[in-house]
Amino acid sequence: MAEFSHTELLVGAVARMLEGLRHVAVGASSPIQGAAALLARALSGGRMRVSVLGSRTNNFFTDGGRELFDCAAQGRIDAFFLGGGQIDGQGNINLVGIGPYPKLDVRWPGSFGSAYLYFLVPRVILFREEHSVRTLVPKVDFISAPGTSAANIYRPGGPYALLTGKALFLFDRALRRFRLESVHPFSSVEDVAANTGFEYDRAPDIGPTPGPPAEWLALLRGRVRDEIAETYPQFAATALSAP
Amino acid sequence: MDAPFLSLEDLVAEIPDGIMLAVPPDYSGVAMAATRALIRRGVKNLHLLAVPTSGIQAELLIGAGAVSTLEAAAVTMGELGPAPRFTALVKSGAFALKDSTCPAIHAALQAAEKGLPFMPLRGLIGSDILAFRPDWRVAENPFGDNDPVVLLPALRPDIALFHAPLADRAGNVWIGRRRELMVMAHAARRTLVTVEEIHDDDLLADERMASGTIPSLYIGAVAEAPRGAWPIGLEGRYEADGEHLALYVRAARTEDGFRRYLAEHVLVERRAA
């Protein structure tokens, strides 16, 4: 088996969830997600479109800031990535802060487009590298975007998975709960349980999160590294090189 | 009628206290030279509308005490981390914050662009953003069956302020693909623009330039400001000055540090590095 870094494992895990999609969009401050989308595009043989916010060469929008959102509302975006300072077991995400709103104890930048894209993009992958009881909480302090909605709310989109630095969960929209699917190397089922603040289900066959195959690693350390360097030069230089 | 050309100081003198001022995100064209001039003129009580996010521009205006209301989907210094003055002062209640989401700001400006009272928008229902926005409503889709949808009142800024690569002598302004600037200019009562350079030919006479050009009909006044987005970048012209932005973030961690930054880089006019 090929040797790979922790970052390469995460990139590979995200890329695996993008296989077969037509259009993947990547938001701000998302180097791992951006690299994963560009890897998935490289593996798709040119069938996948990728829009990376902040990129000049990997961003084809020409109608201003609204186009991404209009595009999503029409069903033209298959996957997007969101995060959050807090994520809870119902898939609610909080990008606003900790404490009672509006006089919060800790203030974060704000909700960006989450309160909209979470409803409209079919496959929203939540990514939060810090896996702790501080980030994965029983209930978020502020709902930037809810994980699920009542049956009469127009909602073709929602959470698909939650990837952290320790594990991969899939979200079951009918049960409104996460299910632990796999655990990354150097973590364990017990470690995940001790560091997750919300209740979740367990897949019958929780295994190790598979690493990227050699062919993926070669792309990641070559073509994809060059492509992502335009938007995230630091990340490309430090995180995507052979160990 | 052509839009008048003014000096930077005369341009910002056109921005009264207490107005709703719309500004673009860091990836678009931020009028930073004008923002520093605006702070030097001592502007107060702005309702600052970030379309839809802001960075160091909102930071400087908030820190300088020029903002009474901020409406934004986010304020961030990007890869440099949290926006220090925003983060510190929002907790003190120094200004009122209307937390929003990017498409809501775009859509509400589109309502103003069309002269409509409101715009419907998907999403939002069940979020605390909506719960804390008494100015927004949920209504039934009149064409649907049990289909609630959010209604956003039109956002009509008093003034839109941004920086663009080119203006011609008639005051037509070229923005290229940065079309959120077009929406802002359509929606605002008045638009003030700084530009990198003056273009001698008529921008509307060239078919390749015309579709990326805001006609002077929408432009109140223009000022020439080379490197006017610094320390933010301008697409196709120059990169953001990462070193300076990092220097800002370090300085603005404390109120004293911010005051020193303001004294050194804003209150004293100096040429962009």
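Analyst: Let's start with how helices are compared: an axis here is a line fitted to C-alpha atoms, for helices over the stretch in contact, and the angle between two N-to-C directions runs from 0 to 180 degrees. Helices (H or I, at least four residues) and strands (E, at least two) are DSSP runs, numbered from the N terminus. This is a predicted model, where local features need pLDDT of at least 70, side-chain atom pairs count only at pLDDT 80 or more, and totals for chains, interfaces and linings use all residues. Residues are numbered from 1 along each chain as its sequence is written, chains are lettered from A and ligands numbered from 1 in the order written, and side-chain values use heavy atoms, leaving out hydrogens and water.

Our part is helix 3 of chain B, with its two packing partners. Helix 3 and helix 10 (residues 255-266) of chain B pack at about 110°, their axes 11 Å apart. They're therefore roughly perpendicular to each other (under 35 degrees is roughly parallel, over 145 roughly antiparallel, 65 to 115 roughly perpendicular, and the rest oblique). By class, that's five nonpolar, one polar and two charged residues. For the classes, Ala, Val, Leu, Ile, Met, Phe, Trp, Tyr, Cys and Pro are nonpolar, Asp, Glu, Lys and Arg are charged, and the others, Gly among them, are polar.

Now for the other partner. Helix 2 (residues 32-40) and helix 3 (residues 56-63) of chain B pack at about 0°, with axes 10 Å apart. That makes these two helices of chain B roughly parallel. Met32(B), Thr35(B), Leu38(B) and Ile39(B) in helix 2 meet Ile56(B), Gln57(B), Leu60(B) and Leu61(B) in helix 3. This contact has six nonpolar residues, two polar ones and no charged ones.

Stepping back to the whole chain, 43 residues of chain B touch 38 of chain A. The two chains bury about 3200 Å² between them, 59% of it on carbon and sulfur atoms; buried area is the accessible area (1.4 Å probe) that two parts lose on being put together, summed over both.

Notes: Contact means heavy atoms within 4.5 Å.
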